[in-house]
There are 4 protein chains.
Amino acid sequence: MVILTGKLIIEFLENLEQHIRQMRESLDIEKIEELIEIINNSENIFIMGAGRSGFVAKSFAMRLMHLGYSVYVVGETVTPKIKKQDLLIAISGSGETTSVLNIAMKAKSIVGSKIAVLTSNKNSSLAKLSDVVVLLKGKVKTEKDDKIARLAPLGTMFELTSMIFLDALVAELLSLRGLDEENLRERHAILE
Amino acid sequence: MVILTGKLIIEFLENLEQHIRQMRESLDIEKIEELIEIINNSENIFIMGAGRSGFVAKSFAMRLMHLGYSVYVVGETVTPKIKKQDLLIAISGSGETTSVLNIAMKAKSIVGSKIAVLTSNKNSSLAKLSDVVVLLKGKVKTEKDDKIARLAPLGTMFELTSMIFLDALVAELLSLRGLDEENLRERHAILE
Amino acid sequence: MVILTGKLIIEFLENLEQHIRQMRESLDIEKIEELIEIINNSENIFIMGAGRSGFVAKSFAMRLMHLGYSVYVVGETVTPKIKKQDLLIAISGSGETTSVLNIAMKAKSIVGSKIAVLTSNKNSSLAKLSDVVVLLKGKVKTEKDDKIARLAPLGTMFELTSMIFLDALVAELLSLRGLDEENLRERHAILE
Amino acid sequence: MVILTGKLIIEFLENLEQHIRQMRESLDIEKIEELIEIINNSENIFIMGAGRSGFVAKSFAMRLMHLGYSVYVVGETVTPKIKKQDLLIAISGSGETTSVLNIAMKAKSIVGSKIAVLTSNKNSSLAKLSDVVVLLKGKVKTEKDDKIARLAPLGTMFELTSMIFLDALVAELLSLRGLDEENLRERHAILE
């Protein structure tokens with residue numbers, strides 16, 4: 001059998017294009033309004049995720065900082081105590097990631113902070129305790145599961161989808177705050 | 001003026017779909033073969049990027065670990081000295097990020113390691129010193145620049161494109177190594 | 001009242017000297033032998049701690065890498081799944097830090113890995129589930145507690161004591177493995 | 001030859017006690033006053049170090065946050081652009097660590113920020129460009145170098161000394177700000 005290099009890359013990209021189109025055509029605008037509102041009405045924003053979802057969380061946190069929000073990543077050095085008027089955003093495809101769930105429960109029960117979650121699983125423990133639940137499709141169920149497992153194994157599709165959704169949300173927040181690229185650049189770290 | 005929530009999110013997603021389609025239609029298969037070959041012929045793989053490109057770098061590094069490669073992130077705790085037979089992969093849209101460039105120069109000049117770079121800038125200093133240069137379009141120049149700056153400010157488009165390209169490459173590597181999702185799961189951290 | 005700059009620094013240093021002397025005079029050599037044995041008989045070593053104890057954990061992990069051990073930090077990018085024949089070392093003054101305890105319980109119950117803990121609290125949950133418990137005094141109880149709280153607030157004394165103890169242990173491991181500084185330097189990252 | 005377990009640990013601890021005593025007896029109070037003044041007169045404080053000195057830097061940054069300072073770690077997610085009225089604190093035994101030096105030069109030349117350095121090397125490049133230079137002895141030269149290399153290889157003695165000095169400084173700052181342990185606890189992260 002001849003394996004053609006790039007064949008799977010092309011299939012992956014086609015699959016992702018279709019996935020993004022579906023996300024675009026089924027956007028829940030009311031839910032997005034809720035998310036924007038809870039972000040804008042919180043004093044500080046705390047963000048977290050485990051593994052690759054954690055890197056998505058950090059990418060979003062960095063842009064929120066560029067946008068002028070007071071934002072922290074759970075587990076980083078200068079992250080203070082969360083308070084009642086703060087928002088904790090969790091990113092978890094399964095909505096059951098142990099560490100993320102434990103931290104959200106602590107923020108909810110001890111402090112009474114607001115919680116928002118990006119997840120693929122609307123019945124998950126994280127979804128149940130969150131004030132705002134943004135559902136993002138992970139693996140598309142209309143396709144053969146083994147094909148997807150081969151193209152986008154484990155949480156790949158959810159991680160990409162959250163990264164894309166959150167960068168799209170940044171465009172929205174940029175406009176809502178009346179800012180432009182130059183304002184972001186003014187806050188962008190130069191010491192790196 | 002009435003601002004419709006979600007309008008920019010939809011524009012962002014349309015723009016990204018177009019961007020991915022262009023990437024798919026203009027894939028440089030020979031370059032991808034070179035990248036796969038240098039990855040597979042290296043003893044250890046070191047990955048780095050600054051800022052949000054750094055999170056993309058880490059997401060890819062984690063998947064390479066799941067695939068069974070010996071891989072390290074520059075700057076993390078257990079990362080050892082790089083050697084001549086190792087590969088350093090840099091992710092930098094501009095190809096001029098100071099810290100990333102300095103580290104690549106050090107690896108090249110002191111150790112003689114192999115270097116690969118993902119960048120938008122084929123004339124950059126990083127591209128010039130690399131053994132394999134994978135070009136990824138950042139901002140699409142056919143569109144009005146200010147529109148893109150508003151939708152995908154700073155390095156957003158490059159960061160998303162690299163994340164997507166590298167996840168597509170993972171599908172290719174998974175197949176080449178004759179592995180499946182279950183093999184990845186066996187190496188996936190459970191302590192998180 | 002005239003406040004003399006440096007007065008508290010001097011008190012802090014005197015206090016720490018006394019603390020180290022007490023640690024030295026009450027070393028539990030058998031316990032240290034057990035710790036060295038479990039380290040040397042494990043395939044991979046995983047290390048973790050939260051907050052400032054986490055930085056102590058990482059400092060020790062880096063030296064174990066320099067010494068040639070196969071070592072990972074829980075939560076870092078390339079950290080794989082822990083196995084039965086691996087050792088998880090937890091650093092926690094209280095022995096009750098939620099995330100650290102949860103992770104140790106997971107490693108114990110799901111995988112059956114070996115656990116070692118550095119703690120001030122021999123009756124803690126972490127101590128109870130660990131195969132080797134190294135006790136390190138945190139706040140010295142013979143002194144007035146408010147004085148110590150003023151000089152070394154929160155976990156300061158435990159964090160310093162663990163850092164010092166683990167660096168002392170490195171001297172012991174260096175000698176046991178028949179290595180010298182030059183061998184460490186050969187593994188020390190140059191890309192930083 | 002019989003190797004006695006713990007012999008090197010005890011030598012290490014004796015050596016460190018002597019080291020701390022020397023530091024205590026030769027404290028440069030004026031320099032400490034300068035350091036406190038520049039910390040208290042800066043708008044934001046940025047902290048950095050590479051490798052194990054980086055973990056010391058983060059430990060100090062966390063305590064400054066607990067003390068109520070506006071503080072960031074260079075390279076972490078939410079760290080913004082440094083400004084002229086901000087202070088950059090570098091920790092580097094050699095005073096020549098490439099990445100740390102490059103970043104300090106950038107902060108100095110592009111932004112004009114204030115720089116303070118903790119180093120063992122008063123003639124180093126970092127010392128030369130800093131507004132405040134705090135000298136901390138690394139390896140004690142009166143002892144046989146090979147003995148020290150065996151007990152405290154590479155930067156161990158400098159890293160421990162900086163950690164200890166900075167924790168002593170925290171006691172001083174705590175008192176100067178009229179705070180107590182309870183105030184620190186109020187800012188201590190609970191989500192971990």
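**Sheets and chain contacts, step by step**

User: Where does helix α7 (residues 156–176) of chain D lie, and what is its angle to β4(D)?

Analyst: In this predicted model, helix α7 of chain D lies across β3, β4 (114–119) and β5 of chain D, running at about 125° to β4(D).

User: Which strands does helix α3 (residues 51–66) of chain D touch?

Analyst: Helix α3 of chain D packs on the sheet and touches β1, β2 and β3 (87–91) of chain D. The direction of α3 makes about 155° with that of β1(D).

User: How do you know that β1 (residues 45–49) of chain D pairs with β2(D)?

Analyst: Let's count bridges. Two strands pair if there are at least two bridges between them. Here 3 bridges join β1(D) to β2(D), so the two strands count as paired. They run parallel, and Ile45(D) stands opposite Val71(D) in β2(D).

User: What is the strand order in the sheet of chain D, and what makes β2 (71–73) and β5 (132–135) of chain D the edge strands?

Analyst: The order is β2-β1-β3-β4-β5 in an open sheet of 5 strands with parallel pairing. The edge strands β2 and β5 of chain D each pair on one side only. From one strand to the next, the twist averages 20°.

User: Why is the link between Glu17(B) and Arg24(A) called a salt bridge?

Analyst: Good one to check by hand! The rule asks for a side-chain nitrogen of Lys or Arg within 4 Å of a carboxyl oxygen of Asp or Glu. The closest N and O atoms of Glu17(B) and Arg24(A) are 2.6 Å apart, which is within 4 Å, so the pair qualifies. Across the interface of chain A and chain B, the rule finds 8 salt bridges, along with 20 residue pairs in polar contact.

User: Which helix gives the most to the side of chain A that touches chain B?

Analyst: That is α1(A), with 13 residues. By class, this side of chain A has 30 nonpolar, 12 polar and 17 charged residues.

User: How much area do chain A and chain B bury between them, and how much do chain B and chain D bury?

Analyst: Chain A and chain B bury about 5,400 Å², 70% of it on carbon and sulfur atoms. The contact takes 59 residues from each of these two chains. For chain B and chain D the buried area is about 370 Å², with 52% on carbon and sulfur atoms. In that contact, 5 residues of chain B meet 5 residues of chain D.

User: How many salt bridges does the rule find across the interface of chain B and chain D?

Analyst: It finds 0 salt bridges there, but 2 residue pairs are in polar contact.

Note on methods:
Residues numbered from 1 in each chain as written. Chains lettered and ligands numbered in written order. Predicted model: local features only at pLDDT ≥ 70, side-chain atom pairs only at ≥ 80, totals over all residues. Heavy atoms only, no water. Contact = heavy atoms within 4.5 Å. Buried area = accessible area lost by both parts, 1.4 Å probe. Polar contact = N/O pair within 3.5 Å; in protein donor to acceptor, adjacent residues only side chain to side chain. Helix = DSSP H or I, 4+ residues; strand = E, 2+ residues; numbered from the N terminus. Nonpolar A, V, L, I, M, F, W, Y, C, P; charged D, E, K, R; others polar. Axes fitted to C-alpha atoms, helices over the stretch in contact; angles between N-to-C directions.
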